[in-house]
Amino acid sequence: MFNRIFGKPKEQANASALATLDKLNETLDMLEKKEKVLEKKAAAELERAKEFSKAKNKRAAIQSLKRKKLYEQQIEQLGNFQLRIHDQMIMLEAAKATTETVDALRTGAAAMKAMQKATNIDDVDKTMDEINEQTENMKQIQDALSAPLGASADFDEDELEAELEELEGAELESQLLEPVAAPPVLPVQAHKIPTRPAPQKASAEEDELAALQAEMAL
């Protein structure tokens, strides 16, 4: 539906803009080429004027300078044409971007409107009510499954709590009445007195040396 509404005008506008931009680019290329040709002609006339001036041909030199001026005027005119084409291209590209932006916004607004039509507020409320109802039903099912069955369903929770507290009190009392164990006595180890090593017997050489020293003393 969106393509039927917005597709054809958008395609036609884009095609027209692209065709115009192509035409402007072709014209711009043509003007640039013509400008280069005129610049070469103006440079050639300047060289001729210099040659005529060296040859003392004043009249021919002036004629060359006049033609150079005419070429320069045409070059300036072509520059103005190129500037106008550039301005036109910039404006056309800006208009094309604006058109595409507006078209995109229009398409988005139409899509949002269609989505809102497809999603009714009453349907949303109905869906939320169904979800809440299913959640409540699931909660009731879980509560029913977790409820005690058989003989355990007849037990009194308060009575069980009181019995548990009584057991805990009796255990604490028995722990307080137990005698405190004495710390273990560690054996005392006697300190050994280190024995001095027995002096070693002097060797035979040391005995002979001592005897010789005694004789020398006499």
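Predicted model: local features only at pLDDT ≥ 70, side-chain atom pairs only at ≥ 80, totals over all residues.
A salt bridge here is a side-chain nitrogen of Lys or Arg within 4 Å of a carboxyl oxygen of Asp or Glu.

Residues are numbered from 1 along each chain as its sequence is written, and side-chain values use heavy atoms, with hydrogens and water left out.

- Helices are DSSP runs of H or I with at least four residues, and strands are runs of E with at least two, numbered from the N terminus.
- Lys 96 and Glu 100 both belong to helix 2 and are four residues apart, about one turn of the helix.
- Lys 96 is partly exposed at 22% relative accessibility, and Glu 100 is partly exposed at 31%; buried means under 20% relative accessible area, exposed means over 50%, and partly exposed lies in between (1.4 Å probe, protein chains only).
- Asp 103 pairs with Arg 106 in another salt bridge, where the closest N and O atoms are 3.8 Å apart.
- Asp 103 and Arg 106 are separated by about one helical turn because they stand three residues apart in helix 2.
- Asp 103 counts as buried because its relative accessibility is 9%, whereas Arg 106, at 40%, is partly exposed.

**A link between helix 1 and helix 2**

- Arg 67 forms a salt bridge with Glu 45, and the closest N and O atoms of this pair are 3.1 Å apart.
- This pair links distant parts of the chain, since Arg 67 is in helix 2 (residues 58-118) and Glu 45 is in helix 1 (residues 2-54), 22 residues apart.
- Glu 45 is buried, with a relative accessible area of 5%, while Arg 67 is partly exposed at 33%.
- Ser 64 is also placed in helix 2, and its relative accessibility of 0% makes it buried.
- Leaving aside residues up to four places away in sequence, Ser 64 touches Glu 45, Arg 48, Ala 49 and Phe 52; contact means heavy atoms within 4.5 Å.
- Phe 81, found in helix 2, is partly exposed at 37% relative accessibility.
- Phe 81 and Leu 31 are 50 residues apart in sequence, but their C-alpha atoms are 7.8 Å apart in space.

**Surface patches**

- Patches are made of residues with over 30% relative accessible area and no salt bridge, with like charges joined within 9 Å and nonpolar side chains (Val, Leu, Ile, Met, Phe, Trp, Tyr) within 5 Å.
- Asp 122, Asp 123, Asp 125, Asp 129, Glu 130 and Glu 133 gather in a surface patch of negative charge.
- Lys and Arg count as positive and Asp and Glu as negative, with His and the chain ends not counted; a charge is placed at NZ of Lys, CZ of Arg, CG of Asp or CD of Glu.
- Asp 129, a member of the negative patch, is in helix 3 (residues 121-146).
- Ile 121, Val 124, Met 128 and Ile 131 form a nonpolar surface patch with about 340 Å² of accessible area together; accessible areas come from the Shrake-Rupley method with a 1.4 Å probe, and for residues only the protein chains shown count as cover.
- Met 128 is placed in helix 3 and is partly exposed at 42% relative accessibility.
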